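The sequence and the structure are shown here for reference.

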Amino acid sequence: MAAAFIKAANAKIRSNPWTDYFCSTHFWGPASNFTIPLAAIADTQKSPDLISGKMTCALIVYAFTFMRFSLAVIPPNRLLFGCHTINATAQSVQGYRFMDWHYWGGKEKKLLAEKEAAAKGQPVLVVEKVQNENHLEKK
């Protein structure tokens, strides 16, 4: 009895192209994968000293690998391609911020700007200093 009901419900879903797509892994895989680029975009607002260079590099490789995979499957999964394109872009921005902070003088520029602001009597961003100190304590 239950098997017949499930078979009938599945036939009804599969008869409509829109609901067939909506109930497939071609939709739900990319939909759940979108949390990765959304997290990367949200992380662009955080301090660059919190970025892991190794993880960012791994996520860039992951994004480009699955961009290729999404077009290689039959039929091509354009939603998955879009997800990984956004992820590759967001992770590349994070990679640039990491390189700028650690290797291209971003840390020194910020310290110099804080010293100049303190010399002029302007307030310095105390909130970010507290976040950085908390991050260092966790290591």
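## Where α6 meets α7

In this predicted model, the axes of α6 and helix α7 (residues 106-119) come within 4 Å and cross at roughly 65°. The contact brings Asp100, Trp101 and His102 of α6 together with Gly106, Lys107 and Lys110 of α7, and by class these residues comprise 1 nonpolar, 2 polar and 3 charged.

## The chain as a whole

The protein chain contains 8 helices and 0 strands, and its pattern, read along the sequence, is α-α-α-α-α-α-α-α. Of its 139 residues, 24% count as buried, while the chain exposes about 10000 Å², of which carbon and sulfur atoms supply 68%. When contacts between residues at least 6 apart in sequence are considered, 68% of them join residues at least 24 apart.

## Packing of α5 on α6

Helix α5 (residues 53-72) and α6 have axes that come within 8 Å and cross at roughly 155°. Angles over 145 degrees count as roughly antiparallel, and α5 and α6 are therefore roughly antiparallel to each other. The crossing in which α5 passes α6 is left-handed.

On the α5 side, the residues that meet α6 are Gly53, Thr56, Leu59, Ile60, Tyr62, Ala63, Phe64, Phe66, Met67, Phe69, Ser70 and Leu71. Their counterparts in α6 are Arg78, Leu80, Phe81, His84, Thr85, Asn87, Ala88, Gln91, Ser92, Gln94, Gly95 and Phe98. Taken by class, the residues of this contact between α5 and α6 divide into 13 nonpolar, 10 polar and 1 charged.

## Packing of α4 on α6

Helix α4 (residues 35-43) packs with helix α6 (residues 78-102) at an angle of about 30°, their axes being 8 Å apart. Because angles under 35 degrees count as roughly parallel, that angle makes α4 roughly parallel to α6. Here, too, the crossing is described by its hand: α4 passes α6 in a left-handed crossing.

The contact is made by Ile36, Pro37, Ala40, Ile41 and Asp43 from α4, together with Cys83, Ile86, Asn87, Ala90, Gln91, Gln94 and Arg97 from α6. In the contact of α4 with α6 there are 7 nonpolar, 3 polar and 2 charged residues.

His84 lies in helix α6, and a relative accessible area of 1% places His84 among the buried residues, for which the cut-off is under 20%. Leaving aside residues up to four places away in sequence, His84 touches Asn33, Tyr62, Ala63, Phe66 and Met67.

Tyr62, which lies in helix α5, is partly exposed, with a relative accessible area of 24%. Tyr62 and His84 are 22 residues apart in sequence, and their C-alpha atoms are 8.5 Å apart in space. With residues up to four places away in sequence again not counted, Tyr62 touches Asn33, Ile36, His84 and Asn87.

## Gly95 and Gly53

Further along helix α6, the place of Gly95 is a buried one, with a relative accessible area of 18%. Gly95 and Gly53 are 42 residues apart along the chain, and their C-alpha atoms are separated by 6.8 Å. Both glycines belong to the contact of α5 with α6, Gly53 being in α5 and Gly95 in α6.

Thr44 is found in the loop between α4 and α5, and at 22% relative accessibility Thr44 counts as partly exposed. The C-alpha atoms of Thr44 and Val93 are separated by 7.7 Å, although the two residues are 49 apart along the chain. When residues up to four places away in sequence are not counted, Thr44 touches Val93, Gln94 and Arg97. Gln94 and Arg97 are also among the α6 residues that make the contact with α4.

Pro75 lies in the loop between α5 and α6. The peptide bond leading from Ile74 to Pro75 is cis, with omega near -5°. For context, most peptide bonds are trans.

Note on methods:
Residues numbered from 1 in each chain as written. Predicted model: local features only at pLDDT ≥ 70, side-chain atom pairs only at ≥ 80, totals over all residues. Heavy atoms only, no water. Axes fitted to C-alpha atoms, helices over the stretch in contact; angles between N-to-C directions. Helix = DSSP H or I, 4+ residues; strand = E, 2+ residues; numbered from the N terminus. Parallel < 35°, antiparallel > 145°, perpendicular 65-115°, else oblique. Left-handed = near helix turned anticlockwise from the far one by under 90°. Contact = heavy atoms within 4.5 Å. Nonpolar A, V, L, I, M, F, W, Y, C, P; charged D, E, K, R; others polar. Buried < 20%, exposed > 50% of the residue type's maximum accessible area, 1.4 Å probe, protein only. Areas by Shrake-Rupley, 256 points an atom, 1.4 Å probe, with all protein chains shown as cover.
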